[in-house]
Amino acid sequence: MEKQEYTITLYTENSIGMIGRISGIFSRRKINIESLNTSPSEVDGIHRFTILITESEEVVRKLCRQIEKQVEVLKAYYNTNEELIWQEQALYKVPADVIAEKAYVERLLRQYGANVVVIRNDYIVFETAGHREEIDRLTEELGKYSLIEFVRGARIAIIKDSAGFHTKLKQFEKEEPAPEMVENEFLDQQDKVFTM
């Protein structure tokens, strides 16, 4: 099967060690994680992992099923780039004199929608968001003009045809409501029931 980029979206409980357990699943299968982002989700107390890998669909499907076996994982989805709205962010530190002297660099930054974050006498920091290819092109161009530092953030993505996890959670609760709490009938008889 042909390998391509897939974005895996996980909804999990916010528990200690979750990143380690999830990355362990990838490591055991020798699958490289190209990008990993974790953040709160639209549901209070639920976290969202966005993981980018390059694999075949069959491997990704099996991987999602394996991840869902983790107690704290509520749901795992996988999508192609066409099924998502996605962005990556980047920060660039460029010498201030390059911006002042080279009008081309200033036009380049405007062309890619870069915004100024910090202005100092010795350097200026810009931030931009876009697809990986756009960020790669801008990084390559700025590399010609003494780019001091560059950092790219992990992919963030929203599934195009999704009503959101919150809606699915409510639907699940409606279809399979939590059992009503039943009082223990022996609670007031503890001396008679629990004797030695």
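## Helix α5

Let's start with helix α5, which covers residues 132–143: its 12 residues stretch 16 Å from the first C-alpha to the last, close to the 16 Å expected at 1.5 Å a residue. (Expected span here is 1.5 Å times one less than the number of residues; helices are DSSP runs of H or I with at least four residues, strands are runs of E with at least two, and both are numbered from the N terminus.) Keep in mind that this is a predicted model, where local features need pLDDT of at least 70, side-chain atom pairs count only at pLDDT 80 or more, and totals for chains, interfaces and linings use all residues. Residues are numbered from 1 along each chain as its sequence is written, and side-chain values use heavy atoms, leaving out hydrogens and water.

## The buried side

Which residues of α5 are buried? They are Arg132, Ile135, Leu138, Thr139, Glu141 and Leu142. Buried means under 20% relative accessible area, exposed means over 50%, and partly exposed is in between (1.4 Å probe, protein chains only). These buried residues pack against β1 (4–13), β3 (46–55), β5 (84–95), α4 (103–111), β7 (123–130) and β8 (149–152).

## A look at Thr139

Thr139 sits in α5 and counts as buried because its relative accessible area is 17%. Its side chain reaches the backbone oxygen of Ile135 at 2.7 Å. Skipping neighbours within four places in sequence, Thr139 is in contact (heavy atoms within 4.5 Å) with Tyr92, Leu147 and Phe150.

## Over to Leu91

Is Leu91 buried or partly exposed? Leu91, in strand β5, is partly exposed, because its relative accessible area is 36%.

Conventions:
Polar contact = N/O pair within 3.5 Å; in protein donor to acceptor, adjacent residues only side chain to side chain.
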